[in-house]
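Biologist: I am new to this structure and would like a close look at one part of it. Please take the charged pairs, and then the helix packing.

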Amino acid sequence: MQESKYDFGLVGLGVMGRNFILNVADNGFTAYGHDLDEEKVNALKEEGGDLQKVDASTEVNTFVQALSTPRKIMLLVPAGKIVDAVIEGLLPLLDKDDIIIDGGNSFFTDTDRRESYLQSKGIHFFGAGVSGGAKGARRGPSIMPGGSREAYKEVKPVFEAVAAKFKGEPCVAYLGPKSAGNYVKMVHNGIEYGLMQLTSEVYDFLHRAAGLSNDDLHDTFAQWNAGRLQSFLVEITAEIFKQQDDQGEGRLVDKILDKAKQKGTGKWTSQNAMDLGIPVPSIDIAVSMRELSALKEERLKADEIYSRPDIRKMDQETAVKIAEEALYFAFIITYAQGLHQLSEASDEYGYELELETIAKIWRAGCIIRAALLDDISRAYDAEKGLTNLLLAPAFVDKVKSTVESARALVSFAAGSGIPMPGLSNSLTYFDAYTSGRLPLNLIQAQRDHFGSHTYERIDMEGIFHTEWGA
């Protein structure tokens, strides 16, 4: 039997897993990997170099016996049945109080089920969302762990060492019991969907209505990234416009088919928000637009059938100014919706989430990292129990100073036939959320008229029903 000596184990040596385990080794911990694919095992060994720090095996028994106890085993495998299969393969080889960590994008109810099951076997389990892609895994991701607090203490030194740092603070923190970590990662991805949709809309407007070339777009997004819109997504967007097509002439962005795919985490966020009764329309429409984009052949047919208004033109200086302000406004709205969902989910599922902590660990490493998150974290820290970012005093002026540009951009786009659903939904959400009275009194009247569903009144307490038309 091999002497137990490795601090940390990882199952799944694809690009993400291999980069994560090398990150662990770079930060002073010994790490042992496992994958059934011998090529992936050999790739890790070759890249790891120093086998005193990194090793791997295709044999699960060899892998488990190589780890010090309590064993700390992280899974970076696709969500779904494969997670359960890996767990079942490990179980007979584990000892009481060993720890399994799911680092994938598992649906939060699956994490709750697995935790309960493994608890009955004497094994600790928690979900830890990892964001930042392959580069983040290697250089420092944002990590969102939830589950057993005691088990987290065992892996805390590793996670704090490998996580991205923001002004020296590691972008990882224990978030709460049960599936809190996977839930937070799910909403993170929902926000990501929203921000990406908004960025694409602003690009479309600047390109079609203001005539910005790819070089102009690169310069504009790079300039924005140096200001209040500083974020990973704005940064890589600037880079995208400079990329030459390695298969032909011109810029690559112009050759990419306009069909966006998805892995489901945005959809889960949207579906669960509806279950909770929390409006997240900026996220909802981002999911719908990916689905709509997939209807490419139908869209081409419809494009031939229906006429469109001529696209009005706007001078570039004005267009860039209102686009920056509108995008900043819509980014705030999207973060506000996602964080509102987290606030409600924390109460519903007993997660005990601290929103200021979540915003802090999103400031570096993850896909939605942005300068704005530092302000968001301070806002939630200043007012404990804040349910919606739009109610934070620190954000009132930010919103007031940019909302008119959002109105102008939505109006201009509608008149020109440029679809801008993400920005439109963000503006509609804001107008509805800040309206003291909505026309839903009529809906309640309709419901009572056809289904006797009752209604409340503004002038007296109680529940009422009317025999309409009597």
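Which residue forms a salt bridge with Asp-215, and how far apart are the closest N and O atoms?

Modeller: Keep in mind that this is a predicted model. Asp-215 pairs with Lys-242. Their closest N and O atoms are 3.8 Å apart. How open are the two partners? Asp-215 has 33% relative accessibility, so it counts as partly exposed. Lys-242 has 41%, so it also counts as partly exposed.

The loop between α10 and α11 holds another partner, Asp-258. The side chain of Asp-258 meets that of Lys-296 in a salt bridge, at 2.6 Å from N to O.

Asp-204 forms a salt bridge with Arg-208. Here the closest N and O atoms are 3.0 Å apart. Both residues lie in helix α8, residues 180–208. They are 4 residues apart, about one turn of the helix. Arg-208 has a relative accessible area of 28%, so it is partly exposed.

These pairs belong to a longer list. The structure holds 30 salt bridges. Some charged residues join into a network: Glu-169, Arg-363, Asp-374, Asp-375, Arg-378 and Lys-398 are linked by salt bridges.

Asp-374, Asp-375 and Arg-378 of that network fall within the range of helix α16, residues 372–382. That leads to the packing. The axis of α16 comes within 12 Å of the axis of helix α14, residues 316–349. The two axes cross at roughly 45°. The helices are therefore oblique to each other. Their crossing is right-handed. On the α14 side, the contact is made by Tyr-328, Phe-331, Ile-332, Tyr-335 and Leu-339. On the α16 side, Leu-372, Leu-373, Ile-376 and Tyr-380 take part. By class, this contact has 9 nonpolar residues, no polar ones and no charged ones.

Definitions and conventions. Residues are numbered from 1 along each chain as its sequence is written. This is a predicted model: local features need pLDDT of at least 70, side-chain atom pairs count only at pLDDT 80 or more; totals for chains, interfaces and linings use all residues. Side-chain values use heavy atoms; hydrogens and water are left out. Axes are lines fitted to C-alpha atoms, for helices over the stretch in contact, and angles run from 0 to 180 degrees between N-to-C directions. Helices (H or I, at least four residues) and strands (E, at least two) are DSSP runs, numbered from the N terminus. Angles under 35 degrees count as roughly parallel, over 145 as roughly antiparallel, 65 to 115 as roughly perpendicular and the rest as oblique. A crossing is left-handed if the near helix is turned anticlockwise from the far one by less than a right angle, and right-handed if clockwise. Contact means heavy atoms within 4.5 Å. Ala, Val, Leu, Ile, Met, Phe, Trp, Tyr, Cys and Pro count as nonpolar, Asp, Glu, Lys and Arg as charged, and the others, Gly among them, as polar. A salt bridge is a side-chain nitrogen of Lys or Arg within 4 Å of a carboxyl oxygen of Asp or Glu. Buried means under 20% relative accessible area, exposed over 50%, partly exposed in between (1.4 Å probe, protein chains only).
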